[in-house]
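Have a look at the sequence and the 3D picture, then read on.

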Amino acid sequence: MAYDKFTVLKSTCVPLPLENVDTDQIIPARFLKATKREGFGDNLFRDWRYNNDDSPKEDFVLNNPTYSGKVLVAGRNFGSGSSREHAAWAIYDYGFRCVISSFFADIFKGNALNIGILPVTVTPAFLDMVFKAIEADANAEVEVDLYNQKVTIVATGESEGFEINGYKKNNMLNGFDDIDYLQNMKSEIGTFEEARPF
């Protein structure tokens, strides 16, 4: 399933300064029945976001109209716990295209990259600067430049580089998932097959 190309994203941010956010908090297990990627955004952070009567919890950040944007800024160790792909699906379906943290669980990071969410790992010091910029101004923007592997706080110009696997970077720049990548090489694969002696 192809997704939008990710090149440079300039956006306001939604701050979630909590550590050790696991996948069950991102999307509770009772919402994992569907197999299509659509609809999970409605239940992103469900138990933090809604009361038992389905009324919104006013003190949760996703219910605060002050904050919006395509970048989620989270505390250390985001996406820990079970390996459910649905956690990444819920974040994408809600509208986030990038998550910034100082540490991601490996499986969550892979799941995010597979569907077009860019997990940007920064140092704790830079993460703190991002949180402070958002605290000072809810409209503060960050610019995430995938091609140059750099994230910048627009108001201050402070920036930091980040690492990403070259294959995943190429896929995100082109809007490819793993199947799209292979389909794009179809003619090359055909040429290789024809050249084989057996």
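How many bridges join β5 to β6, and do they run parallel or antiparallel? Four bridges link them, and the two strands are antiparallel. Before going further, a note on the source: this is a predicted model, where local features need pLDDT of at least 70 and side-chain atom pairs count only at pLDDT 80 or more, while totals for chains, interfaces and linings use all residues. Residues are numbered from 1 along each chain as its sequence is written, and side-chain values use heavy atoms, with hydrogens and water left out.

**The sheet**

Strands (E, at least two residues) and helices (H or I, at least four) are DSSP runs, numbered from the N terminus. Two strands pair if DSSP finds at least two bridges between them. Seven strands make up an open sheet of mixed pairing, in the order β4-β3-β2-β1-β5-β6-β7. At the edges sit β4 and β7, each pairing on one side only. From one strand to the next, the twist averages 25°; axes here are lines fitted to C-alpha atoms (for helices, over the stretch in contact), and angles run from 0 to 180 degrees between N-to-C directions.

| Strands | Sense | Bridges | Facing residues |
|---|---|---|---|
| β1 and β2 | parallel | four | C13 and V71 |
| β5 and β6 | antiparallel | four | V142 and I153 |
| β6 and β7 | antiparallel | three | T152 and S159 |

Two of these pairs are hairpins. Between β5 and β6 there are four residues, and Q149 in that turn has a positive phi of about 50°. Between β6 and β7 there are five, and G157 in the turn has a positive phi of about 80°.

Most residues other than glycine have a negative phi. D54, in the loop between α2 (46–49) and β2, has a positive phi near 70°. N77, in the loop between β2 and α3 (86–94), also has a positive phi, of about 65°. Are they buried or exposed? The cut-offs for relative accessible area are under 20% for buried, over 50% for exposed, and partly exposed in between (1.4 Å probe, protein chains only). D54 has 47% relative accessibility, so it counts as partly exposed; N77 has 16%, so it counts as buried.

**The core**

A nonpolar core is a set of buried Ala, Val, Leu, Ile, Met, Phe, Trp, Tyr and Cys residues joined through side-chain atoms within 4.5 Å. The largest one has 28 residues, and I100, L118, V120 and V144 have the most contacts inside it. Several elements give it two or more residues, among them β1 (8–16), β3 (98–101) and α6 (166–174). The largest share, six residues, comes from α5. That helix lies across β1, β2, β3, β5, β6 and β7, at about 120° to β2.

Take L118 as an example. Leaving aside neighbours within four places in sequence, its contacts (heavy atoms within 4.5 Å) include F6, V144, F162 and M172. A second, separate core has 27 residues, including L72 and A87.

**The cysteines**

A disulfide is a covalent bond between the sulfur atoms of two cysteines. The search counts a pair of cysteine sulfur atoms within 2.5 Å, and it finds zero in the whole structure. For C13, the nearest cysteine sulfur is that of C98, 8.2 Å away. C13 is buried, with a relative accessible area of 1%, and C98 is buried at 0%.
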